[in-house]
Amino acid sequence: MSGGTPVLVPGDTPGAMSSSAENPFVGMFEVSKHAVWSVSTAKHGNGVQQLLDGSPETFWQSDGAQPHVIDIQFNRLMRISELALYLDYVLDESYTPRKFSVRCGTSLQDLHEVHVLEIDEPKGWVRVPLKGDDNKDYVCCNCVEIAILENHQNGRDSHVRQVKVFASRVQHFEELYTSVEMSQWATLR
């Protein structure tokens, strides 16, 4: 299993990022809106739409036995560099995820685990950088799955207030132009 260490900016609680009004994602390339989202279960009125509405006041609430799953599917291969989840232990208590797994693949049938994270009493954005098997700063995939394995206080259902997916903006010259014919057009005079 590979994966980067979560980048967590000091906030009110260890293991969580500050929930200040400043945008913590300046300069990052968000691709959340380019995906098809689904969840394993949801309480009425607390589904996928609440995960993506941009408000930390709303949330997705699972309904049933764990693991609870958020599936994110892109129609083309993406270089996913980071995930961010907005969690709030103060408001959600036993509904707050404590341990979750991030899995990536080209379809939902070939997912492999790239990161497992345990957090204690988060309040704010929890950022999870992803690294590929070849130690690149991104994972190439069509599908990302976030599986909530455990909640605080052994809670059954989960609340996740927001999820954002970020892709790498960097494209390496070697990967774009691999043939002599293509590399001749790589520079302008």
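Mentor: Helices (H or I, at least four residues) and strands (E, at least two) are DSSP runs, numbered from the N terminus. This is a predicted model, where local features need pLDDT of at least 70, side-chain atom pairs count only at pLDDT 80 or more, and totals for chains, interfaces and linings use all residues. Residues are numbered from 1 along each chain as its sequence is written, and side-chain values use heavy atoms, with hydrogens and water left out.
Trainee: Where is glutamine 61, then?
Mentor: Glutamine 61 sits in strand S3, residues 60-61.
Trainee: Buried or exposed?
Mentor: Glutamine 61 is buried because its relative accessible area is 11%; buried means under 20%, exposed over 50%, partly exposed in between, with a 1.4 Å probe and protein chains only.
Trainee: Which side chain makes a polar contact with the side chain of glutamine 61?
Mentor: That of histidine 159, at 3.1 Å. A polar contact is a pair of N or O atoms within 3.5 Å; within protein, one must be able to donate a hydrogen and the other to accept it, and residues adjacent in sequence count only if both atoms are side-chain atoms.
Trainee: Other topic: how many aromatic pairs does the structure hold?
Mentor: The structure holds 1. The ring centres of tyrosine 86 and tryptophan 125 are 5.3 Å apart with planes at 80°, so the pair is edge-to-face. Rings of Phe, Tyr and Trp (its six-membered ring) pair if their centres lie within 6.5 Å; planes under 30 degrees apart are stacked, over 60 edge-to-face, the rest tilted.
Trainee: And which strands does the pair link?
Mentor: Tyrosine 86 is in strand S4 (residues 68-88) and tryptophan 125 in strand S7 (residues 123-129), 39 residues apart. Both residues are buried.
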